[in-house]
Each structure stands twice: as C-alpha cells, then as structure tokens.
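Work through these exercises with the structure open beside you. Try each task before you read its solution.

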Amino acid sequence: MAKTATPAENAQLKDIISHAKEYGFVYPSSEIYDGLQAVYDYGAYGVELKNNLKRLWWETMTRVQDNIVGIDAAIFMHPTTWKASGHVDSFNDPMIDNKDSKKRYRADVLVEEHAAVFERSGDVEKANSLTGALARMLEAEDLAGVRDLIINEGIKCPISGTSNWTDVRQFNLMFSTQVGSVAEDASTIYLRPETAQGIFVNFLNVQKTARMKVPFGIAQIGKAFRNEIVARQFIFRMREFEQMEMQFFVRPGTELEWYKVWAETRMNWHLALGTPVEKLRKHDHEKLAHYANAAMDIEYDFPFGFKEVEGIHSRTDFDLKSHQEFSKKKQQYFDPEVNQNYIPYVIETSIGADRLFLLTLCNAFTEENTEEKSRTYLKFHPAIAPVKAAILPITKKDGLPEKGKEIVELLKYDFNIIYEDAASIGKRYTRQDLIGTPFCIAVDHQTLEDNTVTIRHRDTTEQERVPISELHGRIAEATSFRRVFEKL
Ligand code: ATP
C-alpha cells in the first residue's frame, strides 16, 4: 500500500529535484514559459545517464540473453491496434473534482492515501477494508460507490479542505490527434500509451525474419504518452515518458514458470546495478488486469514511499489473439518440437526509463557530514556514470594543459571525459562529485618527469599515483557493463 511521505522525505525529494536542475540532469520542459506540467527535459549529464541506463538495459536483453532481439516501432499505429488492445475502451482512470478548489484528483488515489494513514497509525484492518472495498467497486465499475466511499470517509480536498466533490467519472488516458491534411479525410490516431503493442503487431515479422524459435523475446525502448490526471512527484509520473519493454513468447502452459524466471531475473538486475536489497520489494497484484493471469511490480523505496518501478506481467495470449481477431490475420507459431500450431503466451517486463533514472538519482544522492568534511556527491555505479573521468591539470602553466590534453586524446574515443583547467583543484573535485564522476585525474609537475598522474576516487576521496599507461585499462575495468552482467 502507498505510504505518504513524511516532511523529511519530501525535503529529500526537493533536494534531489533542485540538484538535478542545478547540475544539468533534469529541467522542467519549456521553462522560460513557466514549464509544462509533467513534462521534463534532460540536460548534459542527464542525457548521458539516461542513455547509459537504456544501453545497459538493451544490452542485458539483446546480448546477455541469446534469445531476445530488438525492434524500433513507430509511435503512431493503426487506430484499430488500440481497439484490439483494449485501450480505447478501458485505459481509464477514475477522476473526481473538488468543486471549491477546482482541483482534479484520481478517486482511487484519494482512497488509497486515506487508507495509508490508517495503516501508518497501526489500524491495518481498517486500511485493508478500505482498499478491499475500493478494489471491488472498481472491478464492478461502481463509480457512484467510490464517490460514496470518499464522502462517507470524510476525505477532504487538501487545497480547499472541503468534501464538496463531483461525481466520479472515467477518464481515458490516451492522447489523440488527427492524420491527414484535409478535415474530411482526417482520422483520429493516438500517441501510443505503451510500447508493447508495437511488439505484438510485429510478432510474426520478427519471428520469421530473425528466425526465432519459441521461447524468444522482443525488446523495445521508446516514447509513450499518457494524459495522467495526477502529475506529481517529478519524473515519477510524466505525460511523455520512455518505456523499456520486453515481450517473451512462450509455449502455452509454460507461462507461469517463465513468469517466475523473469521476476527473479529482473530483480537481480536491479541488485547488480547496486540498488540495496532493503530498498526493493516485490508486490504481487491482487486485482489482475483483464489480460493477465499473474502480475507483480518491483517497487523501490522512493523518498515518497515504496512505488512501482517495473511491472512483470503474464499476459496470456490476450494481445496476439485479439490482434488476430481484429486484423483477421493469423498470429500463430508452428512449434516443430511439439508439431503444433499455437498462439504463444507472453511474459512482459516493462520498466520506465525515467522512473529508473529517478531511482538511480535517489540511490546515488549522498550527503556526507563528518567532523572532517561535509560534501554532497552522486554515487553512481561507474558503468552508468555520465562522465567517467575528469582530467585536471593542477595549473594552467608549465605545459600541464598540453599534457592533460594528451591524456584526453588517449581516453576520449572510449569514454566520456571532461577536461578542466580553471579554478582550484578542490573546487574542481567538488564539481565532479556533484555530477558523480568516479575518477578525477590530476596532472602535475611530476607527470612531466615520470608520466604518472594522481587518481582521486569519488567515493573514498582517496588518491593514488598511477602511470598514464594504466589509465585506459583501469577505467575500462571499472566502467565496463561486464561488471554488472557478471552479477546477473
Ligand atoms: P502506475 O500504476 O504507476 O501508473 P502502471 O501500472 O500504469 O504504473 P504500466 O502500464 O505497467 O504502469 O507501465 C510500465 C512501466 O512504465 C511502469 O512500471 C513505470 O516504470 C512506467 N510508467 C508508467 N506510467 C508512467 C508515467 N506516467 N511516467 C513515467 N513512467 C511511467
């Protein structure tokens, strides 16, 4: 159940948001026009971090696994796709407005947050009875019942402080637009709300052309769009975001075994990246979506409580079967091992790149206050750090910049490197800590004599003297994806 954040936790999120903006990770979209709600842009270090996370996910799927290939489908799809997938009819959230504040809320979230208050005060029974009642009403599409629950429980709008609520209405989360230049010829299409359907409609194309045999998977990274009613908590819930999804096609009857395999594999991936085990938990869905026969979330303990980062769903043959019905094109696979035609069952793993980014940022954000020093740094796993090393000549004279630039030449084709020769060396170390650079390499007068440099390690601030000839090997060793993959 959702836990509401304490003031200290909210303060931590605020610190993370302002750090992200101040040091080039994430800015509000079109900020000079006061921004656009729930839309964000990534800055110089943000885009590097996000690309590294996406590449790590992609290579885990398509390289470490030998039976998964990738695709890149378009955002626009034939509108019937979304009829077949169920999104036109049921991709809804229940919303409610407060008539005094004119603020809109997700009715289910209001009840869940109310229940969380009881849970925190130890009244777990009451909390469970509220969430149970909510689940039953949503299942039965009893929106009037949800409104009664809100009123009877005395749930108030946090802005106006009143219970002057409208009816609860369903709100479809898909954005639509028109294709075709002439009004009469135009037809409504949607911005995809998930990347998965681009995989399903290409199932046979990929299976045939990449000569895949069940069990096999198709992975995709791409933008998705949802007109979220409640857009809060920074990049946790955005209206334009990126998903990394993998659909794994299996023989019917084996899906629950594969579901377990993928649940474990994905949890291990998060642990291998350095997320502490106590910050992660599994949450099994009690109420299953219409297409699923098992589903769980991997949740992370964000400053605002444990929340979903990734979903693992056993989607049965729902999507392929439905596309077969709507398109009238067979979506079957011939399995030579059992000499049978069938529609494969599917296990999906689905993670938001932006949510993973937020998890990574929260995990890395470290404030160290000891008697000797006080500093803030981002403790990224070196494999995903936006900048791998900073080359820092200690003065701007005596040929040190030239030597520093020689080192940049040695490294820059394989690693993202920063060169900086202005300001004191201490200030430059601090700047690199703030963007999470694992290695600072100081070039000094001794370097000119014996071709050695000082490496300063971000997490310990310890320094060691090493020959320039060893730099490439050391950085490669520390930043290689292999270090993550080997733990899987
Ligand atoms: P939630 O319950 O948080 O709305 P969901 O169950 O609707 O999420 P899915 O449809 O399973 O999410 O989407 C898979 C993943 O995509 C989520 O685990 C999350 O990481 C990401 N995601 C979904 N919606 C958003 C969003 N609005 N902004 C950012 N990431 C999102």
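**Exercise 1. Find the residue in strand 23 that is the bridge partner of V453.**

Solution. This is a predicted model, so treat each answer as a reading of a prediction.
Step 1. Go to strand 22, residues 452-457.
Step 2. Look across to strand 23, residues 463-467. Five bridges join the two strands, and they run antiparallel.
Step 3. Read off the partner. V453 pairs with V466.

**Exercise 2. Give the strand order of the open sheet of five strands, and name its edge strands.**

Solution. 
Step 1. Write the order: 20-19-21-22-23. The pairing in this sheet is mixed.
Step 2. Look for strands that pair on one side only. These are strand 20 and strand 23, the edge strands.
Step 3. From one strand to the next it averages 25°.

**Exercise 3. Are the faces of strand 19 covered or open? Which residue stands opposite A390 in strand 20?**

Solution. 
Step 1. Locate strand 19 at residues 389-393.
Step 2. Apply the cut-off: a residue is buried when its relative accessible area is under 20%. Five of the five residues in strand 19 are buried.
Step 3. Sort them by face. A389, I391 and P393 lie on one side. A390 and L392 lie on the other. Both faces are covered.
Step 4. Move to strand 20, residues 417-419. It runs parallel to strand 19, and three bridges join the two.
Step 5. Read off the residue opposite A390. It is I418.

**Exercise 4. Describe the open sheet of three strands: what are its order and its pairing?**

Solution. 
Step 1. The order is 5-4-6, and the pairing is antiparallel.
Step 2. Name the edges. Strand 5 (104-106) and strand 6 (169-172) each pair on one side only.
Step 3. The twist averages 45° from one strand to the next.
Step 4. Zoom in on one pair. Strand 4 (residues 92-97) is joined to strand 6 by four bridges. In this pair, M95 stands opposite R169.

**Exercise 5. Which strands does strand 9 pair with, and in which sense?**

Solution. 
Step 1. Find strand 9 at residues 216-225. Nine of its ten residues are buried, so the strand is mostly covered under the 20% cut-off.
Step 2. Take strand 3, residues 68-70. Three bridges join it to strand 9, and the two run parallel. Here G70 has A219 as its bridge partner.
Step 3. Take strand 10, residues 240-250. It pairs with strand 9 in the antiparallel sense, over ten bridges. Here I221 has M244 as its bridge partner.

**Exercise 6. How many residues surround the ligand, and which strands supply them?**

Solution. 
Step 1. Count the shell. There are 16 residues around the ligand. The closest are E228, R237, M238, E308 and V309.
Step 2. Sort the shell by class. It has five nonpolar, five polar and six charged residues.
Step 3. Trace the residues to strands. Strand 10, strand 13 (305-316) and strand 16 (345-352) each supply at least two. The largest share, five residues, comes from strand 13.

**Exercise 7. How far do polar atoms of E228, M238 and E308 lie from atoms of the ligand?**

Solution. 
Step 1. Start with E228. One of its polar side-chain atoms lies 2.8 Å from a nitrogen atom of the ligand.
Step 2. Go on to M238. A polar backbone atom of this residue is 2.8 Å from a ligand nitrogen.
Step 3. Finish with E308. Here a polar side-chain atom is 2.6 Å from an oxygen atom of the ligand.
Step 4. On its own, the ligand has 590 Å² of accessible area, and the protein covers 83% of that.

Conventions
Residues numbered from 1 in each chain as written. Predicted model: local features only at pLDDT ≥ 70, side-chain atom pairs only at ≥ 80, totals over all residues. Heavy atoms only, no water. Buried < 20%, exposed > 50% of the residue type's maximum accessible area, 1.4 Å probe, protein only. Pairing = 2+ DSSP bridges. Near = heavy atom within 4 Å. Polar contact = N/O pair within 3.5 Å; in protein donor to acceptor, adjacent residues only side chain to side chain. Areas by Shrake-Rupley, 256 points an atom, 1.4 Å probe, with all protein chains shown as cover. Nonpolar A, V, L, I, M, F, W, Y, C, P; charged D, E, K, R; others polar. Axes fitted to C-alpha atoms, helices over the stretch in contact; angles between N-to-C directions.
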